[in-house]
Amino acid sequence: MDQSIIMKEKKMYYKGAPKNELTPITSSWMHELFNDQDVLRGLIERYGSPVNIHHLPSFNENSKNYKELFESYGLKYRIFYARKANKSKGLVKQAFASGIGVDTASYKELEQSLSLGGNAENLVLTAAIKTEAQIKLAIENGVPIILDNEDECILTQSIAKEIGIIANVGFRISGFEVDGEKLYSRFGFDVDEVVDFIGSYVGEQKTFDFLKVTGLHFHLDGYSTHQRSVSLIASITIASTLKDKGHELSFIDIGGGILMNYLEKENEWVSFNENLKKAVVENNNNNITFNNNGLGFRLEDGELRGKLNTYPFFNTVNKNSFLKEVLDFIDEESGLSVASLLLKNDIEIRIEPGRSLLDQVGITVAKVSHRKKDAKGQWLVGLEMNMSQMMSSSADFLLDPFMLYSSEVEKEESVDVFFTGAYCLERDVLLKRKITLPRLPAIGEYVAFVNTAGYMMHFFETEAHLFELSTNLIFTGSNEKLSFFQFIDDNKIVLNS
Ligand SMILES: Cc1ncc(COP(=O)(O)O)c(C=O)c1O
């Protein structure tokens, strides 16, 4: 009999199991890597800790799913990957290879994307602050510029006139009225003024005669599909009014903010929320979070106040079903769905997903540096990484991590730990939640944080204390046995010129 069949399979890695588990959705490529620690060890020895690993087939799959959705409606569409969510060049190349475009938000993002294969058709510039250099580069390459205010119109007009090329622009709109309330945004032209502004000042023989308006744009804060549908309907009306005035508008870009789902189980999410509130009210001795951090909840005069200040990690409506809700919404006035209105008005819909295109694309793996007990008797496990290398824009990243042991756990002990980082700040605690592990990690073992590609790896990464920035590895995936050589250092991806 084959020896491997009778041998009990060794279990070398475990999901952390806090009292309130939040089991992340994971992919088989992640488990293959966790099972092959020789490859991971080789990577961390070569590139240092932490490493960020990006799986290109998952990115391609996400792009394909969005494309299929729009095609099922027969809509004209373009998808631009918002690369602000992750700085790796490998993903930009993959976006072009997958037949989608890239949304750029700075000079360097635009310049790099151009030299990685970007062009007038597959790029857009949406930077919040636009410099002369950015605008010039975009105009020279025919890349649409999404204008936010009158000053940007003036600057773009003067640069376009100077170099003698008409600038292809879209107008960003905000202030849509939804259910009697005006949605505030610091960005964009007011929805009530944009038609007059474009009508009066933009186009041949007008103040801005070097600007050609080809589309409209909005990006809403928050994750409401209803607000997106209502804003899209208002934008379609604006586009059709402008078309009547002779502007050749062809697209409406609805930005990003398409929800994704990180967690496997709704009941875990619900009970975590309930127990966190209870912990804040009862001040229950760091049972759930470090220093009883309420993650947005707080106790004031004995009353529970605030709300969970994190990404909504569990979502039944996400990605394609989220977009479907936006497109299937029925406009009361015409009785038509948003999708039908787009078709009827011959308007191309554009989206700029960042986070959701990176779903299941990345993991961050760090090495255990030390273990210590603090004055409260809690285990702190120091990792060779710092808080900026896996940092959420909100109160915490609520996914259970994976502990990769270098030997089998013979006897499960159930140890509660907090993972701590290398910055000299008391608050450099990588996950605020207390994590229960089957054994205290040993020095040199690894911890893996999953689904970190969207915003978690790079958005806040700093070089304080002169720590090196983490290395980004691009993994093309393979049907063969895993090998060190299937992982490409993103720094080695060459730009064309
Ligand atoms: C203009 C614009 N487009 C796209 C995005 C990407 O959003 P998300 O990553 O939530 O999909 C953002 C995010 O801030 C944005 O500001």
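**Figure 1. Helix 5 and the glycine that follows it.** Gly99, with a positive phi near 80°, comes after helix 5 in this predicted model. The buried positions are Lys89, Gly90, Leu91 and Val92, together with Gln94, Ala95 and Phe96. A charged side chain, that of Lys89, is thus listed among the buried residues of helix 5.

**Figure 2. The second largest pocket.** The view shows a pocket that holds about 610 Å³ of space. Its lining is made up of 34 residues, and those nearest the centre of the pocket are Thr420, Gly421, Ala422, Tyr423 and Asp428. Two strands contribute at least two lining residues each: strand 16, residues 362-373, and strand 17, residues 379-383. By class, the lining of this pocket has 12 nonpolar, 13 polar and 9 charged residues.

Figure 3. Cys424 sits in the loop that joins strand 19 (415-420) to strand 20 (435-437). An unreviewed UniProt entry carries the annotation "active site" for Cys424. Because its relative accessibility is 64%, over the 50% cut-off, Cys424 counts as exposed. Cys153 has a relative accessible area of 0% and is buried. The structure contains 0 disulfides.

**Figure 4. The largest cavity, between domain 1 and domain 3.** The structure has 2 cavities of 30 Å³ or more, and the largest has a volume of about 60 Å³. Domain 1 (3-55 + 360-492) and domain 3 (266-306) each give at least three residues to the lining of this cavity. Pro18, Lys19 and Asn20 belong to the lining, as do Phe272, Asn287 and Ile288. Sorted by class, the lining of the largest cavity has 3 nonpolar, 3 polar and 4 charged residues.

**Figure 5. The second largest cavity.** This cavity has a volume of about 50 Å³. Its lining includes Thr126, Ala127, Ala128 and Lys130, and also Ile146, Leu147 and Asp148. Arg172, Phe187 and His217 line the second largest cavity as well. The lining divides into 5 nonpolar, 2 polar and 3 charged residues.

**Figure 6. A cis peptide bond at Pro50.** The bond from Ser49 to Pro50 is a cis peptide, with omega near 0°. Pro50 is placed in the loop between helix 3, residues 37-47, and strand 2, residues 51-55.

Figure 7. His465 is not a glycine, yet its phi is positive, at about 60°. The residue lies in the loop that runs between strand 21 (446-450) and strand 22 (471-475). With a relative accessibility of 43%, His465 falls between the cut-offs of 20% and 50% and therefore counts as partly exposed. Leu466, also not a glycine, has a positive phi of about 60°. Leu466 is likewise found in the loop between strand 21 and strand 22. At 78% relative accessibility, Leu466 is classed as exposed.

**Figure 8. Ser58 in helix 4, with Arg350.** Ser58 belongs to helix 4, which covers residues 56-73. Its relative accessibility is 11%, under the 20% cut-off, so Ser58 counts as buried. Ser58 and Arg350 are separated by 292 residues in sequence, and the C-alpha to C-alpha separation in space is 21 Å.

Conventions: Residues numbered from 1 in each chain as written. Predicted model: local features only at pLDDT ≥ 70, side-chain atom pairs only at ≥ 80, totals over all residues. Heavy atoms only, no water. 1 Å grid on protein atoms, 1.4 Å probe; cavity = no way out; pocket = protein on both sides within 12 Å on 5 of 7 lines; lining within 4 Å. Points joined across faces, edges and corners; volume = space filled by probe spheres on them. Helix = DSSP H or I, 4+ residues; strand = E, 2+ residues; numbered from the N terminus. Disulfide = S-S within 2.5 Å. Buried < 20%, exposed > 50% of the residue type's maximum accessible area, 1.4 Å probe, protein only. UniProt positions renumbered as here; feature names shortened; annotations may be inferred. Domains from an automatic or database assignment.
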